[in-house]
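I opened this notebook to record what I looked up in one model, element by element. The entries follow the order in which I made them.

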Amino acid sequence: MSEESDLEKTEPATPRRLEKAREEGQVIRSRELGTFIMLLAGVAGLSTLGAPLGRRLDASMRHSLSFEPATAFDVSRMLSQFGNVVWDSLLALMPLLALLTVAALAAPLLLGGWMFSTKSLQPNFGRLSPLQGLGRMFSMQTLAELLKAIAKSVLVGGVAAWVLWRRLPEAISLMNVPVQEALLHMLELVLYCSGLVVLSLVVVVGLDVPWQFWQFHKKLRMTKEEVKQEHKETEGDPHVKGRIRQQQRQAARRRMMSEVPKADVVVTNPTHFAVALRYEEGRMSAPRVVAKGSDLVAARIREIAVEHRVPILSAPPLARALHRHVELGQEIPAGLYTAVAEVLAWVFQLKHWHYSKGPQPAAPSNLLVPDELAVPESRA
């Protein structure tokens, strides 16, 4: 089967696809944004820290060029002095380097955030393919990068030329100014020009960031079949889930049926419903439903009750109320205490009758079920 083209990938990437791409090292990145932030931080750092930085470097340079004649013939003293100069220069540059480091770390947070993935470091020999290399050379991505580079060069060069042309008379006039003063003015001119050039890159960043967003999500688009397959893998195949639910119901039914022999009584409808009740004095505050069911399940509950000699009472209103309002393992509601108490009293009399013989106790009838718990036979 031929590989699906990009035209068939019409669905946006799912959260799982985006997470998987992030694990593989694929996140939104804009080199133009990172470059802009680094340059902006550099220009801002030089404009604010330039004066103290220049003074410290000037002092370090003066100190390095001022030494005794004997020092020139002593290698250890020369190396020591050189080390001191390097250390002083590093200390002078430390604030600017720290600012650039913070900018480099903060730039990724604006788009894809920080990411640590080992998969992106693994070798991919497929990228060594000449055919794939040619494909990348003549792809839309490469064409876009070329156009972006040309536009950036024209923009930066145009802004720089415009600034220098406007400040050219001022720069030429510095020839008549003392050297130290001329250097200061020239540095100010360079910083001014650099600042405008960096600010002009806002246009490039404003175009590149949406482009990178569009390219990233276009690359991760999915076909309808991929979305369906992922849904099956995430949520589970409906057929498999159905079998699992069926097995769970069967296991729960087996556990429920194993509780029927332990029940004190089974209340029936008499054929449609069956509810098994159990009560342990001192351990339960009220009788509890240990098994219930309708139709075939109810028939099986009655069969097990007969096999284990569990009393069966036909009380349709009570059976319907218990089946409707009480879940497995729950205690009966207070409104049914009176009716169930009569049933349990009958069960106790049956047990006593089995041991002592005598007249068989009559099964309770007309058990009282409150209106709020009563279930009409047509709705049962």
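**Entry 1**
I began with Thr268, whose bridge partner in strand 4 is Ser314. I noted that this is a predicted model, in which local features need pLDDT of at least 70 and side-chain atom pairs count only at pLDDT 80 or more, while totals for chains, interfaces and linings use all residues. Residues are numbered from 1 along each chain as its sequence is written, and side-chain values use heavy atoms, with hydrogens and water left out.

Strand 1 and strand 4 pair in the parallel sense, over three bridges; I took two strands as paired where DSSP finds at least two bridges between them. Helices (H or I, at least four residues) and strands (E, at least two) are DSSP runs, numbered from the N terminus.

I then turned to the other partner of strand 1. Strand 2 runs antiparallel to strand 1, and four bridges join them. Thr268 has Ala274 as its bridge partner in strand 2. The two strands are connected by a hairpin of four residues.

Which way do the residues of strand 1 point? I found Val265 and Val267 on one side and Val266 and Thr268 on the other, all of them buried. Buried here means under 20% relative accessible area, exposed means over 50%, and partly exposed lies in between (1.4 Å probe, protein chains only).

**Entry 2. Strand 3.**
I followed the pairing onward from strand 2. Six bridges join strand 2 to strand 3, and the two run antiparallel. Arg278 has Arg288 as its bridge partner in strand 3. Strand 3 covers residues 288-294, and five of its seven residues are buried, so the strand is largely enclosed by the rest of the structure.

**Entry 3. The nonpolar cores.**
I looked up the largest nonpolar core and found 24 residues, with Leu277, Leu318, Leu322 and Leu336 having the most contacts inside it. Such a core is a set of buried Ala, Val, Leu, Ile, Met, Phe, Trp, Tyr and Cys residues joined through side-chain atoms within 4.5 Å. Strand 1 (265-268), strand 2 (273-278), helix 10 (316-325) and helix 11 (337-356) each supply at least two of its residues. Helix 11 contributes the largest share, six residues.

A second, separate core has 15 residues, among them Val260, Ala274, Ala298 and Ile301. In soluble globular proteins, nonpolar side chains tend to be buried together.

I also listed the neighbours of Leu318. Setting aside residues up to four places away in sequence, Leu318 touches Val267, Leu336, Ala339, Val340, Val343, Leu367 and Val369; contact means heavy atoms within 4.5 Å.

**Entry 4. Two positive phi values.**
Most residues other than glycine have a negative phi. I recorded a phi near 55 degrees, a positive value, for Asp295. Asp295 sits in the loop between strand 3 and helix 9 (296-307), and at 47% relative accessibility Asp295 counts as partly exposed.

Arg309 likewise has a positive phi, near 55 degrees. Its loop is the one between helix 9 and strand 4 (312-314). Is Arg309 buried or exposed? I found Arg309 exposed, with a relative accessible area of 77%.

**Entry 5. Ala363.**
I placed Ala363 in the segment after helix 11. Ala363 counts as partly exposed, at 44% relative accessibility. Beyond neighbours within four places in sequence, Ala363 is in contact with Leu313 and Trp346. Ala363 and Leu313 are 50 residues apart in sequence, yet 7.3 Å apart in space, C-alpha to C-alpha.

**Entry 6. The second largest pocket.**
I found about 640 Å³ of space in the second largest pocket. Of the 17 residues that line this pocket, the closest to its centre are Gly50, Ala51, Gly54, Leu184 and Leu187. A pocket is an open set of points on a 1 Å grid over the protein atoms alone, where a 1.4 Å probe fits, with protein on both sides within 12 Å along at least five of seven lines; lining residues have an atom within 4 Å of a point. Grid points are joined across faces, edges and corners, and the volume is the space filled by probe spheres set on the points.

Helix 2 gives the most to the lining, with ten residues.

**Entry 7. The whole chain.**
Finally, I noted eleven helices and four strands in the chain. Of its 380 residues, 29% are buried.
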